[in-house]
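I opened this notebook to record what I looked up about a ligand and its surroundings. The entries follow in the order in which I made them.

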Amino acid sequence: MNHIISPLDLSVEELDKLLDLANDIERNPEKYAHACEGKRLASLFYEPSTRTRLSFEAAMMNLGGKVLGFSDGGSSSATKGESVSDTIRVVSCYADIAAIRHPKEGAALVASMASQIPVINAGDGGHQHPTQTLTDLLTIRSLKGRLDNLTIGLCGDLKFGRTVHSLIDALARYENVNFILISPEELRVPGYIRDGVLQKTNVSYREVVRLEDALAELDLLYMTRVQKERFFNEEDYIRMKDFYILDEAKMKLASPDMLVLHPLPRVNEIAVEVDKDPRAAYFKQAQYGVYVRMALILTLLEIA
Ligand code: CP
């Protein structure tokens, strides 16, 4: 059984094939409009989501399939004490593939171990978000033409931001990728990423606090919001939440072809005035999320 729990569940070759498929879907959507007829996606969201849940659901509908599930764990039998393992065993009787988002790190892995159908991790706590990474990689490859030879600034909450952890995991496998990690001291990337990925794979990186100290060097700036829901107290969140604000003045320090990405939702970290800058690609990125999730569903169901 194929599951996607981490971005590393796909080899670089498998990833290339998946991104090629996503680009073909983008160009020829009608070719895939009936590919999943008779198939069902279970959308099991124990945590809030707009993009991931709706883009998974749109992806299955675009493929001619159907969707069932819940958007709030509070309306599921988790409230009665049912485990994730039992839930997925039951859902395996109702659907062909499942996307699960859960506040606990490791929940998707636990689900995959009990599942009779492919499980996709749609975000597990502050740990990983592999389908956001597929979205990011498709966006970068489509708009920059490559995934290697890039200097990438990752900015904001690098401690709790699971999209950043997954993106580092995935991009560290490409040639000549250089990371600049831009965060306040309290929100630096966790040790398991710094030591277990960056140092272990000998990827070039440096950590800075000021966004202005990195901007001129970047091919790509990946902004993230401060993850309010992972903070233990409100005071710390309030102190950190506006640490970085990308605005028109800061964009003037960047290269004319630097791409700005953000997994969204945005809070204050990118001023709305930046949206009209041609380098701002975060809404296009959300559109790429549908194509790549369509490609992933087809691949895991062994239809493509
Ligand atoms: N990027 C992302 O995961 O957004 P949602 O939380 O809205 O799904």
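I first noted that a polar contact is a pair of N or O atoms within 3.5 Å; within protein, one must be able to donate a hydrogen and the other to accept it, and residues adjacent in sequence count only if both atoms are side-chain atoms. The model is predicted, so local features need pLDDT of at least 70 and side-chain atom pairs pLDDT 80 or more, while totals for chains, interfaces and linings use all residues. Residues are numbered from 1 along each chain as its sequence is written, and side-chain values use heavy atoms, without hydrogens and water.

I found a backbone N or O atom of Leu264 at 2.9 Å from a nitrogen atom of the ligand. For Pro263, I also read 2.9 Å between a backbone N or O atom and a ligand nitrogen. In Thr52, a side-chain N or O atom is 2.7 Å from an oxygen atom of the ligand.

Entry on the shell. I listed the residues around the ligand (a heavy atom within 4 Å of it): Ser49, Thr50, Arg51, Thr52, Arg101, His129, Gln132, Pro263 and Leu264.

Entry on domains. I looked up the bounds, which come from an automatic or database domain assignment: domain 1 is 7–128 + 289–300 and domain 2 is 130–285. Their centres, taken over C-alpha atoms, are 25 Å apart. I recorded 31 residues of domain 1 in contact (heavy atoms within 4.5 Å) with 25 residues of domain 2. Each of the two domains gives at least three residues to the shell around the ligand.
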